[in-house]
Amino acid sequence: MNEAISRRKFICIAAGCAAAVATGCSDLTHTSWFRNNFRDMSPEELSSIIADLEKKHSATFGKTVTVGNEPPLPGVHFAYALDISRCVGCRRCVHGCVEENNQSRDPEIQWIRVLEMDQEKGIDFHHANPYYDPELVPQEGHFYLPVACQQCKNPACVKSCPVGATWREDDGITVIDYDWCLGCRCCLSACPYGARRFNWGEPGLSVEQMNPKTHYLGNRPRMKGVAEKCTFCIQRVRNGQYPKCVEICPTGSRKFGNLLDPESEIRYILKNKRVVVLKNELNTDPQFFYFFG
Amino acid sequence: MTQRRQNPRGVFHFVIPLIILLGMAASPVAVLSASDEHDPPPQRASRAADIPVDSLVFETPPPPFRDPDLFPCSECHNEDQPPNPERRILEEMHEEIVLRHDEEHRWCLDCHDAENRDNLRLANGTLIPFEKSYQLCGQCHGNKYRDWRAGVHGRRSGDWNGDKQYLLCVHCHYSHEPRFQPIAPKPAPLPPGEIK
């Protein structure tokens, strides 16, 4: 390679240094300022950015943090099913998800919202209560509907993003490049399920709370001013594991698997159970099915 | 026109069910005669095990005995204590067990074997270990058993594309009172006004 520095590269470095001086940030590197969108990165650029991130997070949290970038598995299309007749509304999933996915504890961010609904009214979002807090659940006359990202095939959030910071991967998971996100919150208002969350403040995540096994497009620590949401625990499912909420659910209401595998639990449910999707009329085509076991 | 069209159909309507009926009538005979020739008369106790699906072994954690010190049962239920087959409410021992599981029709010895208390007993007399209690539950709850085997009823952990850990029915449904017990919910989310 040519040893001489190119004009373009010189300008980039000069601008980066100027920005670093201007903002008073000492840990800014060339890669973090002039990086590409995740989808446009060369393997070299990605690995150098990941190395930077791992170094930064390991120093911040005082433990070895890994930032994975496992790609979609071929022949896999993830789907989720939740048994409404079995969910008791205990919110184990909500808190298990927070622990797994490094959500901010203060200000509080939770990806799953469990809605308490009246059995008399059926699925009715206008009368749903997410703040129920009785001593024991389930409460007589109620049922519970946990809602998180529905991983739509036709996602409104992706269409609304002005900069392409969020997209749908080949295995059906809609992901966010947090470094590319502007913080405009178009996706929050576009999502008909209210599934996206915004980091209004600096995320509060303590050393003990931090889960060091992360994925670039999933649970790596976020920053103030970016959107986030459920990724089916991308750091787990791309390594073959069940999402955390599936494992933690004490009633076994949550089911997960590969839609393209005829032997999977998901296909069994679609074949044998009564299934609904939320807001079907919006043509978002959710890959999150609610069923009656 | 309609007459002509219906005629050939009418023949099939008659012939096909006839063939099916003959086949159905013949097959059990064939199976029975085959087993008569080669095997001694089948014992009742071995039939359930012959159903292929029950030979599937599901890896589960050990059964959750409420009082593990009481197992093996044969430490007390041995020759010194002949079984009392009379249906009654227990008063001397195990009085803490209150059956709320179709109690009008069931009692202890419908599931526990009178002669061998360390095992459970299927309706056909087959003895099964406590580790395979799902076979016992599946006798009445066949649809749930089917869902459970497929991984759709009950809690799973492990790999969605690999090894999965199953739980026994009794890990979530106490066999003498199987209704899932209410639990305390985890804290509610903060209302938007309280998030600083």
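Predicted model: local features only at pLDDT ≥ 70, side-chain atom pairs only at ≥ 80, totals over all residues.
A:Arg91 has 25 C-beta neighbours inside 10 Å, so this residue counts as buried, the cut-off being 20 or more.

A:Gln151 belongs to the loop between E4 and helix H5 (156-160) of chain A. With 26 C-beta neighbours inside 10 Å, A:Gln151 counts as buried too.

Next comes helix H4 of chain A, residues 92-101. Eight of its 10 residues are buried, so the helix is largely enclosed by the rest of the structure. The buried set consists of A:Arg92, A:Cys93, A:Val94, A:Gly96, A:Cys97, A:Val98, A:Glu100 and A:Asn101. What do these residues pack against? Their partners are strand E3 (113-118), strand E4 (142-147), helix H8 (244-248) and strand E10 (254-258), which also belong to chain A.

One links A:Asp106 to A:Pro107, with omega near 0°, and A:Pro107 lies in the loop between H4 and E3. Another joins A:Val137 and A:Pro138, where omega is about 0°; A:Pro138 is in the loop between E3 and E4.

Zooming out, chain A contains nine helices and 12 strands. Of its 293 residues, 41% are buried. Taking contacts in chain A between residues at least 6 apart in sequence, 62% join residues at least 24 apart.

In soluble globular proteins, nonpolar side chains tend to be buried together. In this model, the largest nonpolar core has 63 residues, and A:Tyr80, A:Phe232 and A:Phe289 have the most contacts inside it. Strand E2 of chain A (residues 78-83) gives the most to this core, with five residues. Setting aside neighbours within four places in sequence, A:Phe289 touches A:Ala79, A:Tyr80, A:Ala81, A:Ile269, A:Leu270, A:Val275 and A:Val277. There is also a second, separate core of nine residues, with B:Leu122, B:Leu136, B:Cys137 and B:Leu168 among them.

That leads over to chain B, which has five helices and four strands. Along the sequence, they follow the pattern α-α-β-β-α-α-β-β-α. Buried residues account for 12% of the 196 residues in chain B. For contacts in this chain between residues at least 6 apart in sequence, 51% join residues at least 24 apart.

How do helices H3 (residues 133-140) and H4 (residues 142-149) of chain B cross? Their axes come within 6 Å and cross at roughly 135°. H3(B) and H4(B) are therefore oblique to each other. On the H3(B) side, the contact is made by B:Tyr134, B:Cys137 and B:Gly138, while H4(B) supplies B:Gly142, B:Tyr145 and B:Trp148. By class, the residues of this contact are four nonpolar, two polar and no charged.

Finally, the two chains touch each other. The contact takes 26 residues from chain B and 36 residues from chain A. On the chain B side, these are 13 nonpolar, seven polar and six charged residues.

Key. Residues numbered from 1 in each chain as written. Chains lettered and ligands numbered in written order. Helix = DSSP H or I, 4+ residues; strand = E, 2+ residues; numbered from the N terminus. Contact = placed C-beta atoms within 7 Å. Axes fitted to C-alpha atoms, helices over the stretch in contact; angles between N-to-C directions. Parallel < 35°, antiparallel > 145°, perpendicular 65-115°, else oblique. Nonpolar A, V, L, I, M, F, W, Y, C, P; charged D, E, K, R; others polar. Core = buried A, V, L, I, M, F, W, Y, C linked by C-beta atoms within 7 Å.
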